[in-house]
Every structure is written in C-alpha cells, then in structure tokens.
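Visitor: Hello! I am new to protein structures, and I would like to learn by asking questions about one. Could you put it up for us to look at?

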Amino acid sequence: MPITSYNNPRFELLYSTLNPFHLYQIQAQLITCGLFSLWSPRLLKHFADFGDIDYTIFIFKFIASPGTFVVNNVVKAYSLSSEPNKALVFYFEMLKSGFCPNSYTFVSLFGCCAKVGCAKLGKKYHGQAVKNGVDRILPVENSLIHCYGCCGDMGLAKKVFDEMSHRDLVSWNSIIDGYATLGELGIAHGLFEVMPERNVVSWNILISGYLKGNNPGCVLMLFRKMMNDGMRGNDSTIVSVLSACGRSARLREGRSVHGFIVKKFSSMNVIHETTLIDMYNRCHKVEMARRIFDKVVRRNLGCWNAMILGHCLHGNPDDGLELFKDMVDRAGLGKRDTVHPDEVTFIGVLCACARAGLLTEGKNFFSQMIYNHGLKPNFAHFWCMANLYARAGLIQEAEDILRTTQEEEEDMPLESLVWANLLNSCRFQGNVALGERIANSLIDMEPWNFLHYRLLLNVYAVGGRWDDVAMVKDLVKTKMKGRTPGCNLVDLKEIVHNYEVGRLLPERIGELNTQLMKWP
C-alpha cells in the first residue's frame, strides 16, 4: 500500500479518538514521511478538539490555503480556550482573506460570545449569521439562546426561542439555563415542567439553580423526584445534592445520598469522595469525613483542602495543621499524587491558628504563603491575621493589617472579596467591632473612597450581620449611584467547594456547551 494513501493504517488513527501524546507521535511520523501538509487539517482538528489553541495556531500557520473546515476548527479551539475574544478578531481577518462561513462557524462564535459575556458582540455576530443565511439552522439558534442567556439578555434569548420553527432538548435546556443563571427560578421551573422531554442536564440545570439560589430544600425535592422518574444522576448531580445537604446541615439526607452513591456506582471517584468529606464536615461529623479521606487512594488538591478545612473550621485546629504538614512534607519528598497548597489551604491554616491563638505560627504560615508559595493574600487571610493579633492583645497591629487591605484590594480581583464570609464560621464575631471601627473611621476621612465601604461590608459579612450588609449596599448605591462591585458575598465554604470540587467536573454551562458542540 502506498505510504501516501489515505487508507494507510499508520494514519487511520487520525479518524479515531486520540490523546495529545498520540497526536505528537503521529505528527512526528507525518513530518518524517513528508505527509504533514496533506494531513495537517485533520491533525489541527484534533488539537482544536482538545482546546489546545497554541498548537492549533502553530499548525494553522503551516497550512497554505486554509478552507472552511480548517478555519472553523481554529474558531472552535478559541471557544474552548481561555482567550475566546481572539476568535472574534480572527473571524473578520479570515473574511478579508475570502473565507465563507457556514453554520458550524457560528456555533463556535456564539460560544465565544457567551464566554466573553457581551450581548453587544452576540448581536454583532447574530447579524453576521443572518447575512450568511444560517440564523434559522437549529444548532445556530440553540447557540444564540445560550449566548444571550450567558450575557444576561433573556429578552433576546426568549425572542429567539419563541421564533424557532423547531425546538429540541438543547433548545429547552438552553433557555431554562439562562433563566436559572439569572436567578429567575420561577420562570425556569415553569419551563422545566412543560418541556416535552428531559435528560440529566435538564435536571442538573434546575438543581444547580436552586442550590445557587440558597434553596437546598428544593434541591433535595428535585433530586427525589428525579430518582422517582427513573433518571440516574451524574457527578454534577451528586455534588449539588451533597452541597445542599451540607449547607443546610441535613445529616440524615446526606447519609441517604451517601448510601445511594454506594448502591448505584460500582466505585467512588475523587469527586464523590471530596463532596462527601465536605458534606460531613459541614454537618460537624469531622471524624466520619476523616475516615473517608483516609481511604481515598488518589487525593487531589480539592480533597486535601476539604479535609484540612474540616479540621480547621469544624474540628480540632491542631489536626488541621498536622494534616497540612503532612501535605507539604509529601510534596517535598516527591511522593506520588503530591499537591501544593493554594489560597484555600492557607485560609484553613490561618483560621486554625486564629482559633488556637497561635500567633507565631500564624505569622510564619502567612510569610510562607507569600514567599515560599508565591500566593497573594486576600481579605480572608488579612482578617485571620488581624484576629490573631487582637487575640494576643496587639490591637494596633490588628488595626494596621486591616488598613493594609485597603492598599492591597485595589489590585485584587473582585472575586477574592467573597472569601470574607468563610470567617463567619470561625468564631471571630467578637472582633467585628474592631473592623467596624476602622472601616467607619476610614469612611469618615474619605467618604468618596469605595474601598472603605467594601471593607465595612466584608467585616459585617464576617459577623453574619446580613442586615448591616444590606444597609451598606444601599448606602453605596445612594452615594455612588451604581451597583456595588464585589458585594455578592456568599458562604466562603461554598467558594472553597466551587473552586476545588468544581475543578473536577463541568458546571451546567459546561454540560450545555458539550451538547451544543455535539453536532456532526
């Protein structure tokens, strides 16, 4: 058989499922055999499917005359990458080169607009879809609904949905997800009840929506109904349901879900184990959580953090610090499956020091976090340190470190501010008056400075004083005539959960993206 044949068994793998390692091997053979240019479009497609934008662009530069197939796969790679905005520029560059887009192009383009979260861009490319006559093709319409929903424009999303001549399961899931994301759970649930068919993604969208809407009762009600309808959940379902049990301290229901996992799954994976650890910790059954942790064969960072936080926040702080030491020692020895601490880990460690009154150790850990691990402290870390100083009678030092947050927060991403509420569970409420006094004195000196109000809001969140949190929000709206950035404070243990457990499984938006991309 000639080596240039498309049926050559060496390269038939390019039509099957591969991993990146196989792709690099095949690429080396293609170059050696002088066939790289012939097979490069197919190779590019595989790298695009993995979202490897750098290598996709690298191969693209070697293709002399890229056709629609190639350009579409580059756009798709951008949509799966952390730089979706570049696809939008790339699209118009290709138009200047004579590129003729088709419906596949716009499915990925709308996915990019959804990631960017800009309805204005969505409208711009919607116009391009109309211009090219593909706006009435079902997958394009589904992607449009998803795009407008992610951008918060449910008026446009509903308009597209209502004008569709045919709707499939993805159409319904996309519109329900848009409303659930915006917290319009009544509308989302109403559409869920009338949709002609449902799959596990449909249930997960609504379950996750109620969880984020702080309604764990509805989460558990939907899960029971889901089971009664004969629908088996997936990892996303289990994470949401166990989170609901932990958040509302429903130990009995949590144990029931634990039994369901054992019964329905042949073996537990790290997602199940980590969420179970988290749930038992929240229900103050730290010993049970530790028993599960000790049986985990392959522990990732989320698993370690869940158990360290469990000891530090709900159990014996000394056990949490001992487990942290074990984690760091394993990393130093290069043992299998070692992990390195992150911001979440040090929240737990510093909380443990604050609870136990370990000032020297806390200062050392704070220094290690910055200089040994290269991590930037956020409000929660500073608050723990302030409480350490205050407990030791060093009130001036406590005030100084809280004032430091004003300087640091200017460069902090807004998402870091939500860490504040973790401390609501760390028994520091007695020192809220200290933070309140500092924040109010800063506001008196500089009433125009938004950062001072943000400090006050975080301090009230720490103490669980939610009426005062609302009061500060209203005050800022009145004084500054606008929405308060960074004020969507939620339980920090949920943030830990979302950061660590969420890394292991797709959110409902990820499940929808998978459905949207499954188009032959």
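Visitor: Leaving aside its neighbours within four places in sequence, which residues is Thr237 in contact with?
Guide: Welcome! Keep in mind that this is a predicted model. Thr237 lies in helix α14, and contact here means heavy atoms within 4.5 Å. With neighbours up to four places away in sequence set aside, the partners of Thr237 are Val200, Asn204, Ile207, Phe223 and Met226.

Visitor: Is Thr237 buried or exposed?
Guide: A residue counts as buried when its relative accessible area is under 20%. The relative accessible area of Thr237 is 0%, so Thr237 is buried.

Visitor: How are α12 and α14 oriented to each other?
Guide: Helix α12 spans residues 200–212 and helix α14 spans residues 235–247; their axes come within 9 Å and cross at roughly 25°. Angles under 35 degrees count as roughly parallel. The two helices, α12 and α14, are therefore roughly parallel.

Visitor: Which handedness does the crossing of α12 and α14 have, and which residues make the contact?
Guide: The crossing of α12 and α14 is left-handed. On the α12 side, the contact is made by Val200, Asn204, Ile207, Ser208 and Leu211. On the α14 side, the residues are Ser236, Thr237, Ser240, Ser243, Ala244 and Arg247.

Visitor: By class, what residues does the contact of α12 with α14 have?
Guide: Let us sort them into charged, polar and nonpolar. Arg247 of α14 takes part in the contact, and Arg counts as charged. By class, the contact has one charged, six polar and four nonpolar residues.

Visitor: Turning to rings, how are the planes of Phe60 and Phe90 arranged?
Guide: A search of the whole structure finds 15 aromatic pairs. The ring centres of Phe60 and Phe90 are 5.5 Å apart, with the planes at 75°. Planes over 60 degrees apart count as edge-to-face, so the pair of Phe60 and Phe90 is edge-to-face.

Visitor: Which helices hold Phe60 and Phe90, and how many residues apart are the parts they tie together?
Guide: Both Phe60 and Phe90 are buried. Phe60 lies in helix α3 (residues 53–60), while Phe90 lies in helix α5 (residues 85–96). The pair therefore ties together parts of the chain whose separation in sequence is 30 residues.

Visitor: What kind of aromatic pair do Phe92 and Tyr125 form?
Guide: This pair links distant parts of the chain, with Phe92 in helix α5 and Tyr125 in helix α7 (residues 119–131), 33 residues apart. The rings are 5.6 Å apart centre to centre, and there are 45° between the planes, which makes the pair tilted.

Visitor: Are Phe92 and Tyr125 buried or partly exposed?
Guide: Buried means under 20% relative accessible area. Tyr125 has a value of 1%, so Tyr125 is buried. Phe92 has a value of 24%, so Phe92 is partly exposed.

Visitor: How are α5 and α7 oriented, and which residues make their contact?
Guide: The axes of α5 and α7 come within 12 Å and cross at roughly 30°, and the two helices are therefore roughly parallel. Helix α5 passes α7 in a left-handed crossing. The contact is made by Leu88, Tyr91, Phe92 and Leu95 of α5 and by Leu121, Lys124, Tyr125 and Gln128 of α7.

Visitor: Where is Asn214, and is it buried or exposed?
Guide: Asn214 has a positive phi of about 60° although it is not a glycine. Asn214 sits in the loop between α12 and α13 (216–228). Its relative accessibility is 55%, so Asn214 counts as exposed.

Visitor: How many helices and strands does the chain have?
Guide: The chain has 520 residues, of which 53% count as buried. Its secondary structure comes to zero strands and 28 helices.

Note on methods: Residues are numbered from 1 along each chain as its sequence is written. This is a predicted model: local features need pLDDT of at least 70, side-chain atom pairs count only at pLDDT 80 or more; totals for chains, interfaces and linings use all residues. Side-chain values use heavy atoms; hydrogens and water are left out. Axes are lines fitted to C-alpha atoms, for helices over the stretch in contact, and angles run from 0 to 180 degrees between N-to-C directions. Helices (H or I, at least four residues) and strands (E, at least two) are DSSP runs, numbered from the N terminus. Angles under 35 degrees count as roughly parallel, over 145 as roughly antiparallel, 65 to 115 as roughly perpendicular and the rest as oblique. A crossing is left-handed if the near helix is turned anticlockwise from the far one by less than a right angle, and right-handed if clockwise. Rings of Phe, Tyr and Trp (its six-membered ring) pair if their centres lie within 6.5 Å; planes under 30 degrees apart count as stacked, over 60 as edge-to-face and the rest as tilted. Buried means under 20% relative accessible area, exposed over 50%, partly exposed in between (1.4 Å probe, protein chains only).
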